Amino acid sequence: MKVYISGLYSGTSPQPGIGLSRSLRIAYPDATLVGVEYSNRSSGIHWQGFDDLWLQRPWEELDLAAYGELITELLDGGALWISGTDLEALWLASVFPDGHANLLSPPAVGLSRITKPGVEAHKGLPLQIPPFVSTDESDWDLHAFCRKHDWRVWLKGPYYEAVRTKSWEQFEAVRTALSKVWSTQRLFLQAHVSGYEESVMLAAYKGELLGCVSMRKRDLTEEGKTWAGDVQEVPEEFATKLREIIRDVNWTGGAELEMVRAPDGQRWLLEWNPRFPAWVHGATITGCNLPAMLVEAATGIPAEKTTGSGEEFTRVVLEVPVRSRYPLAPLPEPYGGGIGHSMKHPSGMPALAERLHKLHPHLMTANAGAENGTNGNGSHANGYAKVPDSFVHDLKQQDYAKMETPSFLFLDTTAADLFERASTLARNLSTPETQIVNGYSIKTNPDERLIKLALDSGFYAEAISLLEVQKALQIGFKPEQVILNGPGKWWPEGLMPKERMHAVFCDSIADLKRVIAAADRGELKSKVFGVRLRTPSIKSRFGIPVETPDDFAALIDAIALLPRDSSFGVHFHMASSHIGVGQWWHLYGAMLRWCRSLEKLAGRQIEVLDIGGGWFPDDWHEGREDDFTKAVQQARATLPNVRQIISEPGKAMAQPSMALAMRVLEIQDISDDTTEAVVDGSIAELPQYFFYPHRILRRNGETGELEPLRRGKTRLMGRLCMEHDEVAANVELPEGTQPGDVLIFCDAGGYDRSMSYVFGRG
Amino acid sequence: MYLGEGKNMVIDLEETADSNLDAGIARWENFPASYMSHHGTACCEIAREWITGMDYSQLNAGHPLTGPRWLRKLFKWGPSKWPMHWCQAVREETLDCGALGALSHQLFLARGVRSFAAQFILEFNDVSTRHWGESWGAAGCDPHWISNGLIYHEGSAVAVEGNEVKLWDATATWWINPKQFGGYAGLLAVRLFDPTADASTVFTWGEHRIPANTWHKVARAKADFASKKPAPKPRAKRRTRTTKKVAESAVAA
């Protein structure tokens, strides 16, 4: 018997070849085991358990047709082949679409049913697939997915690699890198599931499940790979369904279902690998020799018995002599000025992926079409983000012929509608016991039109400086409609209103003492005096900390000093766009608990709650009424004395209210499908470019129509001579776009507008 | 589930003498589970509100059954003086397993999780127990929790469904594996306190059935699951391959 075994890489993210050889040696001591590898840098080639080595040139060099014929000859001659890598298994399935009796690797039909991330074949198993979204979706929708899942998301390649992306900037960088390595734009984002990793390994031959075994990871490498584990039976109900699935997909070979078990016991399927896992021998030493069962089924030759020893295994690091005639290769030269030797993928897997994309695109398509592959945000397919009709209506009213660019455009009906909706929502949520009212954060965009809209819509004005207070008063707010907040709210001196304000929130104990002193002197009057709480466990520089028992005790003591003839309130603020929607709501619950403790321990009733903020518009405006209704109920249940809840939507009001128009200055084709365009806008007008994507429209100069930009391979470079001045990447300019055309960046009315700066204008 | 042919298992576990365990159970029979005392004044109330508030914040939208591992970032493990009050506990740099177990129990309760104080008897080697004995003695604390290679330990148990529980080791910050093989750090006995339990109350922990409020010896698992097999499924007969020609290996380029 001769068995060819591939996948000999034995580094920190090992392949199963060594384990397969060890397991088969137990079962078939006299078999000839031949290691197959595509790089002499894979240390597994030196494993003495192989009787022979078949070292091929790396995949980027291999003549695939000739190699396929060679393997066909081997299989026809009676040799067996067990593939230890996903991509080789995919390629073999293209060479042998219906399988081969001696090829112990899954046929194409089986592989098509396990494609990530949907893994169609899992249906019927007691598993769920973590939510995911294809990167074919628009950037706008991908950002929504990240927010929805609290930025606990993984960007994954279709075959290998998964990188945690905690921010939009990181996501963009990783997407570029993974797309380049794996020659595909078809990546996917998947929500993280916290829990314990476990796997089911199986062996099957021609649709018959020969055996399966469960393994829980008990020790991990830094990359999350198995270092130790315990091996257990697969529960009967799971195995029964698995047997049906294996029959249905006519599976041959090994496989591994990688899962996470959440604290509530639910198992989530991360992927179904079309090969034995690297820990295969860990199961063998517990007595479950699945490779032996596979070979026995394929050949009919009885395997020697495998004696188990325990149910747990671990790994150790071993040094082995280098195989004669295969001396070690020198280290590659570091790139000039580079750090390290850049040695990833020595066997040329990325090159194989690129070749397979061209040869067999149907095999290489990520399955992102399952029912949970949506972002729950009204996503549009084909890379287009939905642009609200009101945007288009407002933008069509602009006179582009006379417009100097770059220029911010005020979307008046959009803005009016947003404020009206917020006002209506607050009214609807209010009860005789508790009033719900909005606050407009002036710093988010101090445009007078927005402040006036806020005034007319019954908002309070939230100011972080006395200059902002004065601006609110000039526009028509009364002092009793002003809330003063933040660490520098007393700046500049001399502008404090003489009249009573609505609320003043203290940002530190020192600030609180200053407020008390000013109130005692009659220099500061406010209906509500309160404190801003710093969010524990989420980093923030604002508010009074409660990180230690002493901090907490000091806060309680200080609250007792606040004027008794004013109401007491608590304020907290954390940008939900930054921490994610789910985490924000948890924070809200946590803060209510802190408030309850403060009320109980300081002996002051909390009558006003001021909560924010930093809401991404879609997360605040779209279908959130139920969330807000529950939030109000929760507040009332926790803090029965609350008479007023001030909601600060932050950029949810301002961001959609303005757009930025800029003109195309120059378009240059870089390659067949890559374009660079220079525009007269820049990051000076769009400083939030790094934090979230903007929906972009191109105005057709001839028809005046507004056409959305979809995902593509064009980079829009700003006018500044600054390396990082890029206002959009991965977009496609509509056909016919030319210099002079206007591009409109929507969603620029928040911090883009208020933090824009003058730069490069002489 | 293992569907293959029968495989033999050779298990050679050195088992702790049962008499040692009986002596340990007798020694710790009257040990109450540790609990935090309350001065009845604001000092302890502030401390309790603070630590439960921090715990909820530290969950970061995680599941309520997530173990409160953050406690061990706050407190080192070491000798503690008893009785201990809430206001003292939150300001300590080190806490012993009783304090950590008592706090974790209270935190689970504050989250709305059914939790029970849990006591354990674990097996360790001599060098470990000698080391602990010396360090406790040096701190002026009685190493009463160490005896003949066994240690008394505390944690908490949380109900995941009905009376099915998971055991949280608040000191080690892990869920104890229900499959126990004995040996170093092996769990030999457990006692779960449920003040509302009656004589028939039994908790389920993996394969174990643990009566409430009494020491229960943890049955050792046999590391032989691979030898427990159902009758093999009848397999379609295949042609024998013993005489099949095997190709010669190709020569590497």
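The conversation below takes up these topics in turn.

Q: Before we start, what kind of model is this, and how is it numbered?
A: This is a predicted model, in which local features need pLDDT of at least 70, side-chain atom pairs count only at pLDDT 80 or more, and totals for chains, interfaces and linings use all residues. Residues are numbered from 1 along each chain as its sequence is written, chains are lettered from A and ligands numbered from 1 in the order in which they are written, and side-chain values use heavy atoms, with hydrogens and water left out.

Q: How many helices and strands does chain A have?
A: Chain A has 22 helices and 30 strands. Helices (H or I, at least four residues) and strands (E, at least two) are DSSP runs, numbered from the N terminus.

Q: And along its principal axes, what does the C-alpha trace of chain A span?
A: The C-alpha trace of chain A spans about 95 × 65 × 50 Å along those axes.

Q: What share of chain A is made up of buried residues?
A: Of the 762 residues in chain A, 59% are buried. Buried means under 20% relative accessible area, exposed over 50%, and partly exposed in between, with a 1.4 Å probe and protein chains only.

Q: Which residue does UniProt give as "active site"?
A: The unreviewed UniProt entry places that feature at A:Cys721. UniProt positions are given in the numbering used here, feature names are shortened, and annotations may be inferred rather than shown by experiment.

Q: Is A:Cys721 buried or exposed?
A: A:Cys721 is exposed, because its relative accessible area is 81%. The residue sits in the loop between β28 (710-717) and β29 (726-732) of chain A.

Q: In which sense do β28(A) and β29(A) pair?
A: They pair in the antiparallel sense, over 5 bridges; two strands pair if DSSP finds at least two bridges between them. One bridge partner is A:Val731 in β29(A), which faces A:Thr714. In β29(A), 6 of the 7 residues are buried, so this strand is mostly covered.

Q: Which residue does UniProt list as the modified lysine?
A: The unreviewed entry lists A:Lys443 for "modified residue: N6-(pyridoxal phosphate)lysine". A:Lys443 lies in the loop between β16 (435-441) and α13 (448-456) of chain A, and it counts as partly exposed because its relative accessibility is 30%.

Q: Back to cysteines: how many disulfides are there over all chains?
A: A search of the whole structure finds 0, where a disulfide is a pair of cysteine sulfur atoms within 2.5 Å.

Q: Is A:Cys746 buried or exposed?
A: A:Cys746 is buried, because its relative accessibility is 0%. As for A:Asp747, this residue counts as buried because its relative accessibility is 1%.

Q: What is the phi of A:Asp747?
A: Phi of A:Asp747 is near 65°, a positive value in a residue other than glycine. The residue is found in the loop between β30 (742-745) and α22 (751-754) of chain A.

Q: And what about A:Arg325?
A: A:Arg325 is not a glycine, yet it has a positive phi of about 75°. It lies in the loop between β14 and α10 of chain A and counts as exposed because its relative accessibility is 78%.

Q: Where are there cis peptide bonds?
A: One is the bond from A:Thr405 to A:Pro406, with omega near -5°. A:Pro406 is in the loop between α11 (389-396) and β15 (407-410) of chain A. Another cis bond joins A:Trp491 and A:Pro492, with omega about -10°; A:Pro492 is in the loop between β18 (482-484) and β19 (501-506) of chain A.

Q: Changing topic, where does A:Glu172 sit?
A: A:Glu172 is in helix α6 (residues 168-182) of chain A, and it counts as buried because its relative accessibility is 13%. The C-alpha atoms of A:Glu172 and A:Arg514 are separated by 45 Å, the two residues being 342 residues apart along the chain.
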